Amino acid sequence: MNNDVVKILVLDDEPFMLKLLGQILARLGYRSVTTCDSGRVALGLVDNPFRCPDLILLDINMPEMDGVEFVRHLVEHHYSGALILVSGENERVLQSVGKLVQAHKITGLGHLGKPVIPELLAALIRTWLPPSSAAIETATRIYGADELHAAIANGELVNHYQPKVVVATGEVVGVETLVRWHHPSDGLVFPDRFIDIAERHGLIDELTRVVLAGALAQARRWQDAGLALRVAVNLSMENLASLNFLDYLVDVTAEAGVAPQEMMLEVTESCLMQDPRVPLEVLTRLHLKRFGLSIDDFGTGNSSLTQLRDIPFDELKIDHSFVHGACANDTQRAMFDASLGLAKQLGMDVVAEGVEDQADWDFLREQGCDLAQGYFIARPMPAEDMPDWLVDWEARRAGLNPVQAQQAMQAGGVEARFSNPWL
Ligand code: C2E
Ligand code: MG
Ligand code: MG
């Protein structure tokens, strides 16, 4: 969609702002811009198939219907376009409204303070490409339990692996297994679209068994190739609700020839869990059998202090929402520090999830966080892409932590890892 056809609506109660934003957008080349000072009128436009905007610039403070209320109505009116928040409110308020927009599953492009800087507005709009209706349909399709069941049976689920590295040295010490569905017509479907269905329809054990079998076979291949990688697998609390699962896990791990210490089991709480006694028993016994236990998404509603108190976790993963951007956000930083301090007091290793850029990485080094995982290091990838990534990472690693990387080179660490013919 080019600038001529993209329909933009500016909603603000101040006539001056409407005029100013209209002018800025015209200068940026947008021809189809409507301005409006009332939420009620704007919703009328959303309902009109010929005038419904692709993008709304929304003021949060408006006397009649404020921006927060307007966002709720947008959902009720099935708005499928994008949104930019514009307000003179402080950063925390803008972030709260941003989170609300996200929770409503509206495409939020970001927020702008007042006065609006034209370059920032242009940059935000550039991050967005209105999806085609076919893409929207694929992205919002809800899969049925039967379809998922068949997919598991037909081997359409595949494992991707995302590296975990030591922050102080950049050394790669493990990977997290993340399942994907190679859908015959929709392409790669991500787990947030089907794990929940598996949990609700009694398919999660079947799914986990397939993921585990793949992860264990891969762990063994890496082990045989001389690569010491601890392989993490995500477990649902539903898996832990049966004692059979424990026996199964112990048996398949032994059959694969992988030591329990080389496996890490990542757990989050599920709202479906009724009786915590069986999961508590299973996790405690897995700990006694030397499987590593990790509390995932720490800090979100899914992972609580109660779990931390009751279950002998070895590792705590700080959720990405507290990691990315923490260096520039006092609230996030305080929560990150508190989680790190808590884990350290309990003698646990800490993994920061969602490390997306150099600033995040530098922040973790300053804070003394143990391990990092995120797009800055590597995106989840099929196992066959790991060797090439490892070579690239060794080259990048030297620039990230120069002193330690040099020490590792001197100790022959890098050569030793790469003398393996498998790589
Ligand atoms: P998780 O266990 O917290 O996994 C981390 C998620 O963050 C993954 O999403 C990963 O792709 C994503 N991620 C990695 N680096 C970054 C980054 O730098 N920034 C951001 N924003 N995200 C990053 P993915 O693969 O879509 O998985 C989502 C969730 O689905 C997982 O969250 C996990 O809870 C669940 N899941 C994945 N595989 C399985 C599985 O085999 N079994 C179960 N029960 N759950 C699984
Ligand atoms: Mg995980
Ligand atoms: Mg997580």
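**Charges over rings**

I began with Arg209, whose charged end sits over the ring of Tyr248, 4.0 Å from the ring centre. I count a charge as over a ring if NZ of Lys or CZ of Arg is within 6 Å of the ring centre and within 35 degrees of the ring normal. Arg379 does likewise with Tyr375, its charged end lying 3.8 Å from the centre of that ring.

**Ground rules**

A note to myself: this is a predicted model, where local features need pLDDT of at least 70 and side-chain atom pairs count only at pLDDT 80 or more, while totals for chains, interfaces and linings use all residues. Side-chain values use heavy atoms, with hydrogens and water left out; residues are numbered from 1 along each chain as its sequence is written, and chains are lettered from A and ligands numbered from 1 in the order in which they are written.

**Aromatic pairs**

I found eight aromatic pairs in the structure. Rings of Phe, Tyr and Trp (its six-membered ring) pair if their centres lie within 6.5 Å; planes under 30 degrees apart are stacked, over 60 edge-to-face, and the rest tilted. The Tyr161 and Trp222 rings have centres 5.2 Å apart and planes at 80°, so I logged this pair as edge-to-face. Tyr161 is in strand β6 (residues 157-166) and Trp222 in helix α9 (residues 204-224), so the pair ties together parts 61 residues apart in sequence. Helices (H or I, at least four residues) and strands (E, at least two) are DSSP runs, numbered from the N terminus. Tyr161 and Trp222 are both buried, where buried means under 20% relative accessible area, exposed over 50%, and partly exposed in between (1.4 Å probe, protein chains only).

Next I looked up Trp361 and Phe376, a tilted pair at 6.2 Å centre to centre with 45° between the planes. Both of these residues, Trp361 and Phe376, are buried. Ring pairs also join them with Trp389 and Trp393 in a cluster.

**Two magnesium ions**

Which residues coordinate the magnesium ion (ligand 2)? I read off Glu176 (OE), Asn234 (OD1), Glu266 (OE) and Asp296 (OD), at 2.0 to 2.3 Å. Donors here are N, O and S atoms within 2.8 Å of the metal (3.2 Å for Na, K and Ca); water is not among the atoms, so sites may look incomplete. Along the chain, the donors of ligand 2 follow the spacing E-x57-N-x31-E-x29-D. Glu176 is buried at a relative accessible area of 4%, and Asn234 counts as partly exposed at 28%.

Asp296 bridges ligand 3 and ligand 2, which lie 4.2 Å apart. Asp296 lies in strand β11 (residues 292-298) and Glu353 in the loop between β13 (349-352) and α15, so the pair ties together parts that are 57 residues apart in sequence. Asp296 and Glu353 are both buried.

**Ligand 1**

I then turned to the 23 residues around ligand 1 (a heavy atom within 4 Å). Glu176, Arg180, Asp296, Glu356 and Tyr375 come nearest. For polar contacts (pairs of N or O atoms within 3.5 Å; within protein, one must be able to donate a hydrogen and the other to accept it, and residues adjacent in sequence count only if both atoms are side-chain atoms), I noted Gln162 at 2.9 Å from a nitrogen atom of ligand 1. Side-chain atoms of Glu176 and Arg180 each lie 2.8 Å from an oxygen atom of the ligand. β7 (172-183) gives the largest share of the shell, four residues.
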